[in-house]
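Hi,

Here is the structure I promised to pass on. Have a look, and my notes follow below.

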Amino acid sequence: MFIPKQRPWQSPEADVTPKGLYLNRRKIIASGGALALTGLSACEAQSDQDSAASIPTGSRPASGELAHRTTGYQVADPLTPYPAVTGYNNFYEFGIGKDDPARYASALTTAPWSIEVEGHAARTGRFALEDVVDFSNLEERIYRLRCVEAWSMVIPWIGVSLASVLTSFEPTSDARYVQFVTDLDRDEMRGTRFPVLNWPYVEGLRMDEAMNELAFLAVGLYGEVLPNQNGAPIRLVVPWKYGYKSIKSIVKIRFVSGEPETSWNRSAPHEYGFYSNVNPNRAHPRWSQRSERVIGGNVFARRDTEMFNGYSEQVAHMYAGMDLIENH
Ligand SMILES: Nc1nc2c(c(=O)[nH]1)N[C@H]1C(S)=C(S)[C@@H](COP(=O)(O)O)O[C@H]1N2
Ligand SMILES: [Mo]
């Protein structure tokens, strides 16, 4: 069920609760204790926790811990160690080396941050990130990430379902696809001074894919605010597709009627299709996709790559009857 989001000016506590107390209150609610201390009724606290859609908090931490709840999204494999998750990255806006993002992405200004919403939806315009994501209602999801370069990680993301955010913009029936656009700042993103890709980085999903329960918008990982190299302040996570679909540092969301342009498809269409579902049966023209290198453990650690990265149960139905080699 979708509960329409309250606007900031409809939120009584936005103008009466001092920021410090407010943040503190969120922590207390998240830990499930000591409600009496805040002077709030249990009912108010409950509605904060239970609402399916975002109720903007008007605030988000700049760094450090993010209050969140755990969910059933787990995987059997061990988590990739934090230093690897935040030190071995692809974020070409900061350079093409795996350690360039960790080195240079700190230059990106992530607050204030706004997202422009365009196209076939009732609510369009520019929204502060705090009005798009409810930072008092975050969840953790442990997902596998499979890069098209044949390596993989297991990452504990924190964020909100993509469906909850997209629904809040009230897309119309003409919205058959959604496109996402990364920030482009030539001063802060040193890699964009080189024509490696046609900047800004763009990605897209079919609407049913975007509304799938697994599609996620991350604002954190390992219990903390998302490091810049991982796509701060907000990035997509689509665990059944190759990593490049999980676009970072999103500034624009467009509801469109036709298949939108995507950066890697535009750059090398025979190598990277629109769908980009993880598929061990379709080799990349230059290498096999049968197995993957497991990052963070033994340098020789490998595992077999699974169809849809192991998420067939949740996503295979969306591609029934489609030739997944042709529609790669
Ligand atoms: N804007 C943008 N998003 C991006 C990329 C990029 O270069 N620019 N790289 C993609 C690729 S190839 C991968 S594998 C993942 C890596 O995410 P991580 O560094 O958080 O593990 O981000 C994806 N999102
Ligand atoms: Mo990737």
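First, a term you'll need: a polar contact is a pair of N or O atoms within 3.5 Å; within protein, one has to be able to donate a hydrogen and the other to accept it, and residues adjacent in sequence count only if both atoms are side-chain atoms. One such contact, of 2.6 Å, links the side chains of T305 and E292. T305 sits in the loop between β13 (302-304) and α10 (312-315), with helices (H or I, at least four residues) and strands (E, at least two) taken as DSSP runs numbered from the N terminus. T305 counts as buried because its relative accessibility is 7%, buried being under 20% relative accessible area (1.4 Å probe, protein chains only).

Some housekeeping: this is a predicted model, where local features need pLDDT of at least 70 and side-chain atom pairs count only at pLDDT 80 or more, while totals for chains, interfaces and linings use all residues. Residues are numbered from 1 along each chain as written, chains are lettered from A and ligands numbered from 1 in the order written, and side-chain values use heavy atoms, without hydrogens or water.

Now ligand 1. Of the 17 residues around it (a heavy atom within 4 Å), N89, Y92, E93, S246 and K248 come nearest. A polar backbone atom of Y92 is 2.8 Å from an oxygen of ligand 1.

Cheers

Conventions
Buried means under 20% relative accessible area, exposed over 50%, partly exposed in between (1.4 Å probe, protein chains only).
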